[in-house]
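Open the model in your viewer and keep the sequence panel beside it. The tour below goes from one selection to the next and says what is there.

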Amino acid sequence: MEIYPIIKRCMDSVLSLIGLIVLLPVFLILAILIKLDSKGPVFFRQKRVGKHKKHFYILKFRTMNTDSPHDSPSHLIKDPDRFITNLGKFLRKTSLDELPQLINILKGEMSIIGPRPALWNQYDLIAERDRYGANDIYPGLSGLAQINGRDELPIEIKAMWDGEYVRHMGIRMDIKCMFDTIVSVVKSEGIVEGVIRDNKEVACNKETLSK
């Protein structure tokens, strides 16, 4: 039995608890702003795929109106500006809408680093991840695919990055992903709102991934 998954789960529990305590004022401020900005609940719940493809409900700060498509990836929604709230644009750009997932991590449904949890109906992504064993670990708040293209990545490339994480999962990899995530968030990299209408390919060296 490998020891790192146990260590990783302990670190997730401690760090998520500390994060929730430290960020409590931020949670309260954002909750008030969300209620003032638009009608609807503070949090958004959505069915996602967890470890061993067990379903759970991910938590986010609500960034869209209540009449928005519920089970569609945001980068595939047509005319997203029609649904995203004014505050929601800021929350999504800064990734602050993802903070409530610290609760999912504390509950043992997610990890800080791992493949981003797929929507329950993203069958193509789930199938691709099966090829790499990426459905057999806890999904993460961030991961290799997030820092290497995020919404811009085609399904097969996203799954390859998730598989790369599974192959090299360890303390060094997790620290690298945490650091690169901060850089990516600051630069607002890889965030795509709405359907990608052109055929632009994302550069990715598959030979490097296979090493």
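Which residues of α1 are buried? Select helix α1, residues 4-22. Its buried residues are Tyr 4, Lys 8, Asp 12, Ser 16, Gly 19 and Leu 20. Buried means under 20% relative accessible area, exposed means over 50%, and partly exposed is in between, with a 1.4 Å probe and protein chains only. Helices are DSSP runs of H or I with at least four residues, strands are DSSP runs of E with at least two, and both are numbered from the N terminus.

Before going on, note how the values were made. This is a predicted model, where local features need pLDDT of at least 70 and side-chain atom pairs count only at pLDDT 80 or more, while totals for chains, interfaces and linings use all residues. Residues are numbered from 1 along each chain as its sequence is written, and side-chain values use heavy atoms, with hydrogens and water left out.

**Stop 1: helix α1**

Look down the axis of α1. The buried residues of α1 fall within an arc of 120°, so they line one face of the helix; the arc is that of the directions from the helix axis to the C-beta atoms. On the face turned away from the buried side, pick out the exposed residues Ile 21 and Val 22. Then show what covers the buried residues of α1: the cover includes α2 (24-37), α4, β3 (111-113), α7 and α8 (171-187). Contact here means heavy atoms within 4.5 Å.

The expected span is 1.5 Å times one less than the number of residues.

**Stop 2: the whole chain**

Zoom out and colour by secondary structure. The protein has nine helices and four strands, in the order α-α-β-β-α-α-β-α-β-α-α-α-α along the sequence. Of its 211 residues, 45% are buried. Among contacts between residues at least 6 apart in sequence, 71% join residues at least 24 apart. The accessible surface is about 11800 Å², and carbon and sulfur atoms account for 61% of that surface; the areas come from the Shrake-Rupley method with a 1.4 Å probe, and for residues only the protein chains shown count as cover.

**Stop 3**

Select Lys 53, in the loop between β1 (43-49) and β2 (55-61). Lys 53 is not a glycine, yet its phi is positive, at about 65°. At 40% relative accessibility, Lys 53 counts as partly exposed.

What forms a salt bridge with Lys 53? The partner is Asp 130, with the closest N and O atoms 3.0 Å apart. Asp 130 lies in helix α5 (residues 123-130) and Lys 53 in the loop between β1 and β2, so the pair ties together parts that are 77 residues apart in sequence. Asp 130 is partly exposed, at 39% relative accessibility. A salt bridge is a side-chain nitrogen of Lys or Arg within 4 Å of a carboxyl oxygen of Asp or Glu, and the structure holds nine of them.

**Stop 4: helix α7**

Move to Asp 162 in helix α7 (residues 155-168). Is Asp 162 buried or exposed? Asp 162 is buried, with a relative accessible area of 2%. Leaving out residues up to four places away in sequence, Asp 162 touches Pro 115, Arg 129, Ala 134 and Ala 145. With one of these, Arg 129, the side chain of Asp 162 meets in a salt bridge of 2.7 Å, N to O. That pair links distant parts of the chain, with Asp 162 in helix α7 and Arg 129 in helix α5, 33 residues apart. Arg 129 is buried, as is Asp 162.

Stay in α7 and select Glu 164 and Arg 167. They form a salt bridge with the closest N and O atoms 3.2 Å apart, and both lie in α7, three residues apart, about one turn of the helix. Glu 164 is buried at 11% relative accessible area, whereas Arg 167 is partly exposed at 48%.

**Stop 5: Ser 95 and the cysteines**

Select Ser 95, in the loop between α3 (86-94) and α4 (101-106). Ser 95 has a positive phi near 65° and is a residue other than glycine. At 14% relative accessibility, Ser 95 counts as buried.

Last, select Cys 10 and Cys 177. Cys 10 is partly exposed at 47% relative accessibility, and Cys 177 is buried at 0%. The structure holds zero disulfides, a disulfide being a pair of cysteine sulfur atoms within 2.5 Å.
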